[in-house]
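Please work through the following exercises with the structure at hand. Each task is followed by a solution in steps.

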Amino acid sequence: MGFYQYFIFISLIILTVVVILLSRSLKKSVTAMHGMTIIMFYSMNVGLTIGTLLGGSFQGNLYYSTIISILLGLFIGLISGSYFGLLAVIEGVMSGIMGGMMGAMLGEMVSQEQMIPLVRIFLLFSISTIFLLVIFSKRSDKSNKINKLWIIKPLIIGTLITFYFVEGVPFAEKQIIFQLKDSKIHHPVEHTTKKQDPTVITIETQNMQYTPSNISLQKNQPVTIIFKNHDNIDHNIEVEIPTINRYQGTNHHNHGKSENVIFLHSEPKHEQMISFTPTNAGVYEFTCKVPGHKESGMVGWITVR
Ligand SMILES: [Cu+2]
């Protein structure tokens, strides 16, 4: 948890207080149906914001980020729906749980750089709840008392929200982007300049990328592949390639893969290795089988000559 995470959490706490206060003053001029819809919208988006943020920040710990996001979503739905009655509370609680759960999975599956714009989108939706409350309350309002009040207030609220998104959010995002860059500088992936035995090839993963992603092997020449995972999340390599003399050094699990499938799975900050001799020339695609990782760019190619 860094500055960015606290910034988003404090924003959500302030926003929830604003939504609750608005609900209290507008509950008479908002219909039950509108109230339910607004609370569903709010809880779902806050759940998604929290879930994406926690899922992305604690990658590799999907269980904990999901549980915490669900509990926070539930709590937000419970307190924000309270002025609109029991149905709004039920709606809010369920939406908060669902948003938190889906957000956590989303945050787990994307890279930390991709998490930042997603959090911003869900945050923007969450804040839009203020406008929904104002719009729906006006429509059903019979007296002009509240309307007069809201001639000035939309300007103030609009200005505050614009300032928040133009100055506040980018400032907080810069802090986490610095952190992410910093972690890359302090733990650099050693690139291929190191002289290595030609029969030992190291494939490393960092930020959902294989380095190198293109490797060349000699037909009928034994090779050892070392798979080093620098990320905070599990990764693997699976490739269908005809081989003989397969010897899997450190991976003791039998994954039930067929004869011609090479499979290396590595936990965060761990490494695995396998030795084999490729027997057929060709180009073989390898990918990470963790859901979403191939789509995020975890693809590479082995060329056997
Ligand atoms: Cu992966």
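**Exercise 1.** Determine how strand E4 is joined to strand E8, and in which sense the two run.

*Solution.* In this predicted model, E4 and E8 (residues 271-278) run antiparallel and are joined by 6 bridges. Next, turn to strand E1 (residues 200-205), which pairs with E4 in the parallel sense, over 6 bridges. Here Val200 is the residue opposite Thr224 in E4.

**Exercise 2.** Assign the residues of E4 to its covered and uncovered faces.

*Solution.* Begin with the general rule: side chains in a regular strand alternate between the two faces of the sheet. Then apply the rule to residues 223-229. The covered face of E4 carries Val223, Ile225, Phe227 and Asn229. Thr224, Ile226 and Lys228 belong to the uncovered face.

**Exercise 3.** State the strand order of the open sheet of 5 strands and identify its edge strands.

*Solution.* The order is E3-E10-E9-E5-E7, and the pairing is mixed. E3 (214-217) and E7 (261-266) are the edge strands, because each pairs on one side only. From one strand to the next, the twist averages 20°.

**Exercise 4.** Classify Glu173 as buried, partly exposed or exposed, and list its contacts beyond four places in sequence.

*Solution.* Glu173 lies in helix H6 (residues 145-186). Because Glu173 has 17 C-beta neighbours inside 10 Å, it counts as partly exposed. Its contacts beyond four places in sequence are Tyr4 and Ile116.

Technical notes
Residues numbered from 1 in each chain as written. Predicted model: local features only at pLDDT ≥ 70, side-chain atom pairs only at ≥ 80, totals over all residues. Helix = DSSP H or I, 4+ residues; strand = E, 2+ residues; numbered from the N terminus. Buried ≥ 20, exposed ≤ 12 C-beta atoms within 10 Å, placed from the backbone. Contact = placed C-beta atoms within 7 Å. Axes fitted to C-alpha atoms, helices over the stretch in contact; angles between N-to-C directions.
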